[in-house]
Amino acid sequence: METLKKSIEECDSVKELERLRVEVFGKKGYFAKEFAKLKELSGDEKIAYAARLNEEKDKFSELVNAKKSFLETKEYEDILKQDAVDVSLYSNIVNVGALHPVIDTMDKIIEYFVSLNFSVEDGPLVEDDFHNFEALNLPKFHPARDMQDTFYFKDGALLRTHTSPVQVRTMLSQDPPIRMICPGAVFRPDLDLTHTPMFHQIEGLVVDKRGAVSFANLKSILEEFLRYMFGSVKVRFRPSFFPFTEPSAEVDIGCIFCHGAGCRVCKNTGWLEVLGCGTVDQNVFNAVGYKNSSGYAFGLGIERFAMLLHKIPDLRSLFEGDLRLLEQFK
Ligand code: DAH
């Protein structure tokens, strides 16, 4: 038994220990041999020896089990040690990603309006005629529908052409006062230097009691916003037309490339058009059942802002996933 004990102690792997156990308990092993000797004994001697052997057997099992769990723990710890990653080790192989310029610009715009207590609303990309057109004072066959070429599904559903339907959804589900923006993807079947079939807009809407929200409020908030985005630029409001606002305006900033001298980007006008806006048309309030309300709304294309901020000449390049472009935004 002493030699057995010693062999167990000397084992330094679970595998080796298992071999020893099989050997000792096996047909030709120590216990098989010792138990065979019982045949030659008789009486008390036999009983005493059998008892001693059984005791030894238990003791041996106990020692093997204890050693086994010791070795298992040790082997596991060795593996952990070997596989450990030194997280403090510097490596310049890791290629860190960055936010896409469109998302980055979107975040910047959202941050501005959230700081003014605007909520951020959401709406479906697949819309119906009512929310995308009808409720926005764009009845069927209205010529202004041509301003927004549309992807239609067979059942008459459509891909939203602007984020304005979220105005409608928000007003249908909430009571005034409302201060919301809604960022998201929109779709129109166009593809050239300044158009892609999918792009992003941010819509803004503020509604309160009649007389509480004016065009002057709209003007001041957008002027501040555009200076936050582009620094100290000139801002001008140009009369325009949108079916969902009356009066409506398009907003230009002084060209940030030539500062008014005239260049290719501003087409020698000295101005860059950046958004559309106006005070909410009464027909829109009628469509959502709002009474005695006043409000203003605005909408802008996020890619347009990203292109101006980062001087990106071709809109399509924003969606090509070319790392040579994207890596410049780290
Ligand atoms: N929906 C317009 C478009 O896609 C943008 C827009 C203009 C939104 C004026 C507005 C607005 O809310 O008041 O061209």
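A strand is a DSSP run of E with at least two residues, numbered from the N terminus. Strand β8 gives the most to the lining of the largest pocket, with eight residues. The model described here is predicted.

**The largest pocket**

- The space in the largest pocket comes to about 1,500 Å³.
- Its lining is made of 47 residues. T194, H195, E273, V274 and R304 lie nearest the centre of the pocket.
- Several elements each supply at least two lining residues: β5 (198-209), β6, β7, β8 (271-280), β9 (293-301) and α10 (302-310).
- By residue type, the lining of the largest pocket splits into 22 nonpolar, 15 polar and 10 charged residues.

**Salt bridges across the chain**

- The count of salt bridges in the model is 16.
- One of them pairs R169 with E127, with the closest N and O atoms 2.7 Å apart. This pair links distant parts of the chain. R169 sits in helix α7 (residues 165-173), while E127 sits in strand β2 (residues 126-127). The two are 42 residues apart.
- R169 is partly exposed, at 26% relative accessibility. E127 has a relative accessible area of 3%, so it counts as buried.
- R238 forms a salt bridge with E250, and their closest N and O atoms are 3.3 Å apart. This pair also links distant parts of the chain, 12 residues apart. R238 belongs to strand β6 (residues 235-242) and E250 to strand β7 (residues 245-254).
- R238 is partly exposed, with a relative accessible area of 25%. E250 is buried, at 16%. The cut-off for buried is under 20%.
- The R238 and E250 pair is part of a network. Salt bridges with shared partners join R236, R238, E250, D252 and E273. E273 is also among the residues nearest the centre of the largest pocket.

**A salt bridge within one helix**

- E223 and K219 meet through their side chains in a salt bridge, at 3.6 Å from N to O.
- Both residues are in helix α8 (residues 215-230). They are four residues apart, so about one helical turn separates them.
- K219 is partly exposed, with 35% relative accessibility.

**Cis peptide bonds**

- Most peptide bonds are trans. Two exceptions follow.
- The bond joining P176 and P177 is cis, with omega about 5°. P177 lies in the loop between α7 and β4 (178-187).
- The bond from E246 to P247 is cis too, with omega near -5°. P247 is placed in strand β7. Strand β7 also holds E250, the partner of R238.

**Positive phi angles**

- Most residues other than glycine have a negative phi.
- N117 is not a glycine, yet its phi is positive, at about 75°. N117 lies in the loop between α5 (101-115) and β1 (119-120). Its relative accessible area is 65%, so N117 counts as exposed.
- N268 has a positive phi of about 60°, and it is not a glycine either. N268 is found in the loop between β7 and β8. With 61% relative accessibility, N268 is exposed.

Conventions
Residues are numbered from 1 along each chain as its sequence is written. This is a predicted model: local features need pLDDT of at least 70, side-chain atom pairs count only at pLDDT 80 or more; totals for chains, interfaces and linings use all residues. Side-chain values use heavy atoms; hydrogens and water are left out. A salt bridge is a side-chain nitrogen of Lys or Arg within 4 Å of a carboxyl oxygen of Asp or Glu. Buried means under 20% relative accessible area, exposed over 50%, partly exposed in between (1.4 Å probe, protein chains only). On a 1 Å grid over the protein atoms alone, a cavity is a set of points where a 1.4 Å probe fits but cannot get out, and a pocket is an open set with protein on both sides within 12 Å along at least five of seven lines; lining residues have an atom within 4 Å of a point. Grid points are joined across faces, edges and corners, and a volume is the space filled by probe spheres set on the points. Ala, Val, Leu, Ile, Met, Phe, Trp, Tyr, Cys and Pro count as nonpolar, Asp, Glu, Lys and Arg as charged, and the others, Gly among them, as polar.
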